[in-house]
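Hi,

Here is the structure I promised to pass on. Have a look at it, and then read on for what turned up.

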Amino acid sequence: MSECGDCHGCGAAAVIELPRGPEGAPASPKIVALAGPPNSGKTTLFNRLTGLRQKVANFPGVTVEQHTGIAELPDGRAVRIIDLPGLYSLSPHSEDEQIAHDVLTGQRPDTPPPEAILLVLDSTNLGRHLMLAAPILALGVPTLIILNMADDLRNRGGHLDTCKLSAQLGAPVALVSARQGEGIGEVFEFLASAMPAPAPRELPVLHDVPKCREWAGRVGSQASYRPPVPPKWTRRLDSVFLHPVAGPLVFAVVVVAVFQTIFTAAVPLMDGLRWLFEVSGKWVAATLPDSIFRSLLVEGVWSGVGSVVVFLPQVLFLFLFIGILEDSGYLARAALIADRTMARVGLQGKSFIPLLSAYACAVPAILSTRTIENKRDRFATILIAPFMTCSARLPVYTLIIAAFLPNRPVLGPFLGARAAALLGLYLLGFLAAVATARVLKSSILKSGHTPFLLEMPSYRWPTVRSIGLRLFDRAKVFLRRAGTVILLVTVVLWIMAHLPPVNGKAPSIQDSLAGTVGRTLEPVIKPLGFNWKIGIGLITSLAARETIIGTLGAIYGMDPESHQLGLQKALQHDLTPGGAVALLVFFAFAMQCISTIAVVRRETGGWKWPILQFTYMGVLAYGGAFAAAHLIR
Amino acid sequence: MQMSGNKGRPGVFAATLLDLRRGDAATLDHIDLPGQDARRLMELGFLPGIRITAGHSAPGGDPRVFQVDGSEIALRRETARRLKVRLDKARQSPGLP
């Protein structure tokens, strides 16, 4: 049982605490690798150990994400923890496993070899998970075997003698529940200790899977392992969620509920933020003396950055839903239900998860395509992901829909006209993605058969902690973008709008540098129903889609003609309904995101695919907008 | 479905995972897939000699979830067809629609 926490008497499991004075403390923190199979709760443990002190980067030269974090020990020392990609064995099949293998064996020049390994295994499925212990222990690196999900094991009548298991493996064992925080002290205890190398034990032939499984079974039974009974609630829930009729119905309800809530629950919060920016902007304008600096601050920074930051609640609501779906285990069921549909366009259920996250942002979505082993399926998913309506499009859609469409009820109290229009735009992006996938998979990315394998995790309650960490992370990324890319663009734009000076004063926006650029572009975009102001917005939105709002906010704020009007009123004045639809269609199709282009280049290993993708999406956007502008009057 | 025994007599059938309906169980005999693919399946628990129970499926019966070695793994029809099993008992469950 987990009460066998102090294994100090168990011989092989002994964790010897060496006396360590302040002068003995190492200058740089110890590096510890966190390894384990997928669905072992590795990420939950990583969050539990490191909290907010995390960093996400890429392993140099490859496409695998590297999560590192600092765990602070009770005595104040720090340990650097590298969260490795999930792996089933150390014989590398995929790029992920190759990286994990290379880091663990110290073969990567960019990552120092870890001083210790925390091996996370699911205690409710020990027979299979213990197979990974063999190759890990064979490395001879100090290892703590962490048996996660101790609460599940106990609740479902499972049992395990950690002392005996530790003796069998020749390495310390800790029974923990990363979700509940149970047993985490033992992990810290190990990290603070001298971290002994594993005692030599007889291990199976590593490349023989049946032999490894046999060994794992034997070790388990010698540690009195009694597997838990099958999860009752998971079976019950699956008989609803995977029911032939109820299943797809629940699926549809979940998707609609997510969108409807984003559009209703987030609105008061957004109004609050908008009010805050207006009031503070007025206060700044009233406090500072009239100068060029005040103009830059109020007209450039405040209205530009402010109009983007307002959308933070919406972005967070979306990530809240994705987080809940993922952590509860429903997302895997959704992938199962979606698989047949995805297969029809040549993709697979695993593409569904990246594509669903692309609704939040294409960048993490493209990074998450790594779970697709088939390279052609993976590339196809990367190429269609930017069509999914990302959260950066949401503010643009919201603004234009709200300006041009009164909110009438469409389906009684359940669906308003604005939510319906939004849903329609989501559908438009989805259809473009599906059609593109079909074309790709029947031509340049046609692939043979690779088995589709999808593990169904047990249902679990998502924890506030894990969801909270995710939201914090997303908010950080969103605000950093507002504070860097968008701030830079608004400032550059403000400068362009104030040059060249006329009689020592700023020119009218029409005669300014920005106006000149916009007017040069006007003949090209006129057929779409856009004027030069929208043109400037389109250029700046190449950096990031939501920038257009800041840009338009700044332009209309500076233009004396429109500056009394709000942004919505100004748009109503400048765009015909056809032009508004054209703008929406343009945003649905165009690849206006430098971060996405950069990540596609990195993930596909060259410029070929991102250039192809950018051109294709651009042509589609222009064509679609042209058609919309001419069909709708 | 190919059968090696007589229909009336309970015996050992040569079948694939595809022949299992929800609630049916069988013993895995071998995996008829290339080395890499078979190995990945084995790492997930599909080892010769293990009991596999068919579970829920996506609408239309494809893919289907299989309970194997303490996990639930979903396989498409095209993969399930390659996992040859022994139906060592007569079917117990009448099968669900």
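Helices and strands here are DSSP runs, a helix having at least four residues and a strand at least two, and they are numbered from the N terminus. Please keep in mind that this is a predicted model.

Let me start with chain B. B:Pro63 sits in the loop that runs between strand E3 (51-57) and strand E4 (64-68) of that chain. The peptide bond between B:Asp62 and B:Pro63 is cis, with omega at about -5 degrees.

Now to chain A, which contains 27 helices and eight strands. The chain has 633 residues, and 48% of them are buried. Of its contacts with a separation of 6 or more, 72% are between residues 24 or more positions apart.

Two methionines in chain A are worth a look for their backbone angles. A:Met149 is not a glycine, yet its phi is positive, at about 65 degrees. You will find A:Met149 in the loop between strand E6 (143-148) and helix H5 (150-155). Is A:Met149 buried or exposed? A:Met149 counts as buried because it has 29 C-beta neighbours inside 10 Å, and the cut-off for buried is 20 or more.

The other one is A:Met195, where phi is also positive, near 55 degrees. A:Met195 belongs to the loop between helix H7 (184-192) and helix H8 (209-222) of chain A. With 20 other C-beta atoms within 10 Å, A:Met195 is buried too.

Terms used
Residues are numbered from 1 along each chain as its sequence is written. Chains are lettered from A and ligands numbered from 1 in the order in which they are written. This is a predicted model: local features need pLDDT of at least 70, side-chain atom pairs count only at pLDDT 80 or more; totals for chains, interfaces and linings use all residues. A residue is buried if 20 or more other C-beta atoms lie within 10 Å of its own, exposed if 12 or fewer, and partly exposed in between; C-beta atoms are placed from the backbone. Two residues are in contact if their C-beta atoms, placed from the backbone, lie within 7 Å.
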